[in-house]
Structure formats: C-alpha cells, structure tokens
Amino acid sequence: MKLLVLPGDGIGPEIVDQTLRVVNWFTENAGLTIEIDYGLAGGASIDDCGVPLSDEVFAKAKASDAVLFGAVGGPKWDALPRASRPEMGILRLRKGLDLYANLRPAISFSALLGASALRPEIVRDLDILIVRESTAGVYFGEPRGIVTSADGARAATDTQAYHENEIRRVCEVAFELARARNSRVCSVDKANVMETGALWRAVTTEFGNQNPDIELSHMYADNCAMQLVRAPKQFDVIVTDNLFGDILSDQAAALTGSLGLLPSATIAHGAAGQNFGVYEPIHGSAPDIAGKGIANPIATILSFAMCLRISLDASREAALLEEAVRLALSGGIRTPDIAAPGEKTVSSAGMTDAILSRLNDL
Ligand code: NAI
Ligand code: MG
C-alpha cells in the first residue's frame, strides 16, 4: 500500500518520525508492504509555496491508500486570515477527498498509568468510539452568512441540512466498526426538535432494521452529553452528525484525560470496498514543547494502528501494536506529559524504543 506522510509543524515532524520507526518495524517483521512518500502541509507548506496544502500534495494524497498526518499550526502563522491558515490544509484534504466519517476513540489509560484520573471509578477502562459525520451538516449548509440590514442591525444564518445518503453512509461505517467491537451502536440526534434530527432517526432506524446483527439504540444529544459525564461506559460506538459529533468527541476525549495518547481517523469507503483514510493524533502542534524531543508519540503511533486496521485490513497487526503500547505504559514508561510528579521520564525516542522492544517480545 501507498502511505503519504504529512508531518506538518511544531511537534508534528517529531512524532511522525517516531511513528515511521514503528511503520518500518511492521514492514521488516510482519511482511507488510508499505511504500512511503512525503509532502508538506500546514505552516511548512505556506512557507514553501504560499498555501497550506498544494495541488501537488493533494494529488499525491488522492493517489495514496492512506495519509499519516502529524499536526499543523503555530504562532508564526497565527496572524494569517482564517482562509489561509495552516489548519485549512487538513480541511482541504477532508473535504476534497470526501472523507465523511471522522472516527474519534475515547480510551482511558488511567488503569495503566496509575494516574489520578478525573473520576477513576467512572472512566477506568473506558473505550468508546465516536463516529462523526464530517462533510455535511451545519458547518457546510447553504445559505449561510451575516447580513446587515438598513438599520445597521446584523443577523447571521447557518443551515443544517442532511441528505439521507449522507446519513446512511456514515451509518455503514459505524456499523462496520461496531462488528469488530461489541456490535452495539447508539445513534445521537435531536429528533424531537429538528427536521434533520427526524430524518437522521428515520434513516438510522431503517438501516438498523436492515442490519439486525447490530443492536441499535437512539439518544437525544443533550441527554448523551449528560450520560457521557454520568456513566460513559454504557456507550460502545456512537454515531452522530457533524455538530454534535464535534462537541461530544471533545467531551469524551476530555473524560480520558489523555491528549497525547488519543488517535483519530477520517475515512471514506472506496468503490472497491477498501477504506481510504487520513490518520492523525487529536492534539495540535504543541509549539510550547516543539524541538525538545519530549513529545508523546503514542497518539500518532495509535493513529497508525487505526490505519493498519481500517485501511490495510491488518487487524491482527493493529491489535499487536495496541498491546505493545499498553505494555509500555503498564511497564511505567512515561514521557513528561503523562508522568506523575517525581516519576522518571523518557524522550519521544525512548517511548518508541520501549514500544518497539515490546513488539519484539510479543
Ligand atoms: P495542542 O494540542 O497543540 O497543545 C495543548 C497542550 O498539550 C500543550 O501544552 C502541549 O504541549 C500539550 N501536548 C499536545 N500534544 C502533546 C504530545 N503529543 N505530547 C506531549 N504534550 C502534548 O493545542 P494548542 O496549544 O491549543 O494548539 C497549538 C497549535 O496547534 C495551534 O496552532 C493550533 O491551531 C494547532 N492545532 C492543530 C491541530 C491539528 O493539526 N489537527 C489540532 C489542534 C490544534
Ligand atoms: Mg473540535
């Protein structure tokens, strides 16, 4: 398979370098054939050619089977107008490649870290996957804009719109992923007060009836926000729209308290049944620690594990890698971001060394 690597800015290149050591381990030891190419994205691309993602890099992404993305942005580019900022690079990839399903696992590592998690009894061993629709809904609906009327008063409009096909295809992804987990999906909407919510519920219900092997339930978004805080372990896979998914996935990630540990993917089903995806950590470019060699590479390494499972159909290898990460953590290996006061810490490379050595032992 062809993997396009876009390191980006700040700690992006550092954590991607570490992850490539893991990629190499799999090509050398697990018989996987992964052909790697590179491109610039974000601020690095702006400095090079004036745009956060060039046509050339976009074309390379299109010709690849998957993209491994580091992180973009930083103070150097903060003054740029919104439309030309580094973050637009990733948006162009998602929208241009029609990557309609954003996958955000919320996994708590508190049991392995021994850290004082927010509320250990509630989040211990938490493992939720949120599937967020990511190319439609209120962030893209037309008409939108701010108009000023004759009396000088301003009014703003956004439009929440969904076509049933957009709902069905994200359901397909959620159901497929649920089959590899516990075969339970909770669909989240506001069917009680929104037309898009009523359609969302109708389409997901139809889809659920056609796929009776999955246990489908429904929940209103406000209740879901409350249940995530009260009893998050009741959830396995959540499927929801763009706006609710944005908020609920950040909320779920915060429950785990592991910014440097959480991966993500944004995917689409290909015509031939394969999944194309962009795989990236949920955190940003961390300019405060860039260049120090101490960034936690685990979120990016686990993003590659998602890539193995979803785009390479290599679930066994993905499980192996996830186990190696868990063993490194339970063995007390810590980068500074996850270390308790006084605990011994390692560099980014030291964490990767520990993961590779567990892989060799497994
Ligand atoms: P951030 O996620 O970069 O950093 C927040 C805090 O977490 C910082 O203290 C940072 O040092 C720490 N942190 C993050 N990842 C870490 C890791 N792997 N290991 C150890 N510590 C880690 O968020 P922030 O500071 O709000 O944004 C910094 C820049 O990143 C901004 O330019 C922002 O626009 C951009 N950003 C980019 C994203 C992307 O590329 N997808 C996502 C979020 C922010
Ligand atoms: Mg968000």
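Student: Which classes of residue make up the shell around ligand 1?

Tutor: Here Ala, Val, Leu, Ile, Met, Phe, Trp, Tyr, Cys and Pro count as nonpolar; Asp, Glu, Lys and Arg are charged; the others, Gly among them, are polar. The shell around ligand 1 has 11 nonpolar, seven polar and four charged residues. This is a predicted model, where local features need pLDDT of at least 70, side-chain atom pairs count only at pLDDT 80 or more, and totals for chains, interfaces and linings use all residues. Residues are numbered from 1 along each chain as its sequence is written, while chains are lettered from A and ligands numbered from 1 in the order in which they are written.

Student: Which residues come nearest to ligand 1?

Tutor: A residue is near a molecule if its C-beta atom, placed from the backbone, lies within 6 Å of it. Of the 22 residues around ligand 1, the nearest are Gly 73, Gly 260, His 283, Gly 284 and Asn 296.

Student: How is the protein chain divided?

Tutor: Domain bounds come from an automatic or database domain assignment. Domain 1 takes 1-102 + 262-362, and domain 2 takes 118-256. Their centres, taken over C-alpha atoms, are 25 Å apart. Residues are in contact if their C-beta atoms, placed from the backbone, lie within 7 Å. Domain 1 brings 13 residues to the contact and domain 2 brings 14.

Student: Which element gives the largest share of domain 1's side?

Tutor: Helices (H or I, at least four residues) and strands (E, at least two) are DSSP runs, numbered from the N terminus. Strand 11 gives the largest share, three residues. Helix 4 (88-96), strand 4 and strand 11 each supply at least two.

Student: Is strand 11 mostly covered or open?

Tutor: A residue is buried if 20 or more other C-beta atoms lie within 10 Å of its own, exposed if 12 or fewer, and partly exposed in between, with C-beta atoms placed from the backbone. Strand 11 is mostly covered, with six of its seven residues buried.

Student: What are the partners of strand 11?

Tutor: Strands pair if DSSP finds at least two bridges between them. Strand 4 runs antiparallel to strand 11, with three bridges. One of the bridge pairs is Asn 102 with Thr 266. Strand 12 (residues 275-281) is also antiparallel to strand 11, joined by seven bridges. There Ser 264 is partnered with Glu 280.

Terms used. Contact = placed C-beta atoms within 7 Å.
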